[in-house]
Amino acid sequence: MAESGGDGSSSPPPATPYEKALDALSSLITKRSRADKSNKGDRFDLLFDYLKILELEEPIERMKIIHVAGTKGKGSTCTFTESILRHCGFRTGLFTSPHLIDVRERFRLDGLDISEEKFLAYFWWCFERLKEKSTDYIPMPTYFRFLALLAFKIFAAEQVDVAILEVGLGGRFDATNVVQAPVVCGISSLGYDHMEILGNTLGAIAGEKAGIFKSRVPALTVPQPDEAMRVLEEKASQLDVPLQLVQPLDPDMLNGIKLGLAGEHQYVNAGLAIALSSTWLQRTGHLEYPEHTTSLPEQFIKGLTATVSLQGRAQIVPDRFINSESPEDLVFYLDGAHSPESMEICARWFSLSVQPPSTSGSSHDPVQRHPVEKVGKNSEQILLFNCMSVRDPQLLLPNLMKTCASHGVYFKKALFVPNTSVYYKVGSHSLPPTDSQVDLSWQFALQKVWENLMQGNKGGADNSAATVCEELTDDKGIAVKSCENSAVFPSLPSAIQWLRDTVRQSKSVRFQVLVTGSLHLVGDVLRLIKK
């Protein structure tokens with residue numbers, strides 16, 4: 001029972017130990033924009049002071065690490081790699097980012113999120129020591145740096161056989177790059193993202209990613225654009241790094257079994273994961289796993305085809321709270337794509353997922369479709385979208401629309417919403433701003449881009465004149481700006497409620513909702529539809 005305040009209002013329940021830890025973690029989030037030019041490097045040397053304070057220098061030297069950077073697919077590559085080596089019988093530690101619902105998702109031991117009990121013990125061990133030793137010259141680490149340090153502490157204390165580290169951003173100045181002697185490094189597909197920090201050319205971006213290369217340590221990469229590949233080769237040559245180009249996995253090597261992660265692009269990531277795992281096994285003396293040529297070891301196949309957990313990437317979730325005749329009436333297709341290239345991949349996956357399987361396609365089907373009951377209902381595709389203001393919607397939305405259209409998929413309506421989660425707070429116990437407090441100017445800008453694209457596709461000569469919008473108020477008093485092809489909602493819950501109400505009121509329509517543009521948005525949706 002919540003206590004009543006003096007004015008008769010009820011006070012919130014006391015914070016749990018886990019919520020107290022999340023509040024302490026939130027205190028490390030800086031208010032500075034990631035694009036602030038003064039962030040460049042941001043005293044990278046401080047990380048080595050932190051390692052000394054936490055007595056992690058020697059444990060990291062002993063750790064057998066796989067270090068992976070890249071623009072697209074690095075999380076999937078790390079996930080596949082962890083699964084392969086776990087199925088080979090090793091105790092694994094996996095550090096990835098970002099998390100979607102719970103910060104513990106970032107730290108996985110033997111394929112499972114770290115327990116709350118262990119998280120709290122290691123969290124406070126690190127936090128209190130750093131707090132005690134902090135000075136003006138050595139301040140508390142920032143949010144991601146602390147999480148990386150925490151990962152090293154967890155993996156050292158839990159005595160993992162292998163630690164797989166996904167770079168958070170870039171490579172050269174990333175907190176994971178305190179590792180001086182990994183067993184092997186990997187670079188997944190490169191493209192344009194975080195250009196405000198990493199540079200405006202593929203060459204500049206590749207140079208930052210290659211910052212994880214270490215002298216004479218083998219590095220593996222997938223086919224890259226020429227400009228990026230040239231830079232990777234140049235950086236590798238400077239450090240005497242043997243750089244190997246890895247081809248995508250041949251689906252026939254899986255003996256007819258599907259990959260554990262959906263999408264044609266995952267064969268690129270799986271190929272890199274196989275090469276990383278093989279190199280790690282060879283360099284750590286586990287010669288019982290010979291080089292694969294035409295077949296894969298059984299443990300590798302099991303690792304690649306097991307149900308691996310990577311929330312928010314090509315994930316299909318029916319809405320369990322719709323209270324309609326069928327849970328198939330509202331299905332969410334979640335993918336946190338946020339670069340032009342990944343948006344195209346996401347659109348292809350969604351388009352194939354909402355269509356019935358082809359009877360004359362290839363022998364392997366890379367897409368995991370959601371089964372739809374044949375009850376005479378029409379399926380309509382809805383887009384639920386948001387992206388960070390540093391992204392260019394003129395690059396993201398046209399790619400999405402064109403790729404879907406090329407597969408015969410057209411969105412009935414696009415819904416634009418702000419993220420529920422706030423950048424300065426970790427955890428779901430913090431209340432977001434109320435609808436009336438939210439600045440929707442960015443969502444209106446996204447809506448304008450979408451409407452112009454739609455009018456252009458219809459042959460409208462004057463896009464601005466062709467778009468007619470109106471302010472509507474629903475039965476709960478929530479204001480919505482609705483145009484012919486889109487709507488802006490002041491909050492994600494109000495958009496979800498509109499979807500549910502519309503489906504309930506219609507006996508002939510089911511909605512297939514693509515949620516994309518932001519991993520934060522994907523996480524917010526998962527919180528709402530799975531809790």
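Predicted model: local features only at pLDDT ≥ 70, side-chain atom pairs only at ≥ 80, totals over all residues.
**Overall make-up**

The chain contains 17 helices and 16 strands, and buried residues account for 53% of its 531 residues. When contacts between residues at least 6 apart in sequence are considered, 76% of them join residues at least 24 apart.

**The buried face of α2**

Helix α2 spans residues 46–53, and within this helix Leu 46, Leu 47, Tyr 50, Leu 51 and Ile 53 are buried. Viewed down the axis of α2, these buried residues fall within an arc of 160°, and they therefore line one face of the helix. An α-helix has 3.6 residues a turn, so residues three or four places apart point the same way. The elements that cover the buried residues of α2 include α3 (57–62), α5 (116–133) and α6 (143–157). Just after α2, the backbone at Glu 55 adopts a positive phi of about 55°.

**Two helix pairs**

Two packed helices are described by the angle between their axes and the distance between the axes. Which residues bring α1 and α5 into contact? On the α1 side (residues 17–26), the contact is made by Pro 17, Tyr 18, Lys 20, Ala 21, Ala 24 and Leu 25, and on the α5 side by Glu 116, Phe 119, Leu 120, Phe 123, Trp 124 and Phe 127. By class, the residues of this contact of α1 with α5 divide into ten nonpolar, no polar and two charged. The axes of α1 and α5 come within 10 Å and cross at roughly 40°, which means that α1 is oblique to α5. The crossing of α1 and α5 is left-handed.

Helix α4 (residues 74–87) and α11 form another pair, with axes that come within 8 Å and cross at roughly 140°. That angle makes α4 oblique to α11, since the class of roughly antiparallel is kept for angles over 145 degrees. The crossing of α4 and α11 is right-handed. From α4, the contact is made by Phe 80, Ser 83, Ile 84 and His 87, and from α11 by Gln 299, Phe 300, Lys 302, Gly 303 and Leu 304. The contact of α4 with α11 has four nonpolar, four polar and one charged residues.

Most residues other than glycine have a negative phi, and most peptide bonds are trans. The peptide bond from Ser 97 to Pro 98, however, is cis, with omega near -10°, and Pro 98 is placed in the loop between β2 (92–95) and β3 (107–109).

Gln 159 is not a glycine, yet its phi is positive, at about 55°. This residue, Gln 159, sits in the loop between α6 and β5 (162–166). Is Gln 159 buried or exposed? With a relative accessible area of 63%, Gln 159 is exposed.

Ala 314, a residue other than glycine, likewise has a positive phi, near 50°, and Ala 314 is found in the loop between α11 (298–305) and β9 (315–318). Ala 314 counts as buried, at 12% relative accessibility, because buried means under 20% relative accessible area.

**Residue pairs separated along the chain**

| Pair | Separation in sequence | C-alpha to C-alpha distance |
|---|---|---|
| Ser 494 and Val 480 | 14 residues | 9.1 Å |
| Ser 215 and Gln 180 | 35 residues | 9.1 Å |
| Ile 205 and Val 231 | 26 residues | 9.3 Å |

Ser 494 is placed in helix α16 (residues 492–505), and at 4% relative accessibility Ser 494 counts as buried. Ser 215 is found in the loop between α8 (202–209) and β7 (219–221), where Ser 215 counts as partly exposed at 48% relative accessibility. Ile 205 lies in helix α8 itself, and at 0% relative accessibility Ile 205 counts as buried.

Notes
Residues numbered from 1 in each chain as written. Heavy atoms only, no water. Buried < 20%, exposed > 50% of the residue type's maximum accessible area, 1.4 Å probe, protein only. Helix = DSSP H or I, 4+ residues; strand = E, 2+ residues; numbered from the N terminus. Arc of directions from axis to C-beta. Contact = heavy atoms within 4.5 Å. Axes fitted to C-alpha atoms, helices over the stretch in contact; angles between N-to-C directions. Parallel < 35°, antiparallel > 145°, perpendicular 65-115°, else oblique. Left-handed = near helix turned anticlockwise from the far one by under 90°. Nonpolar A, V, L, I, M, F, W, Y, C, P; charged D, E, K, R; others polar.
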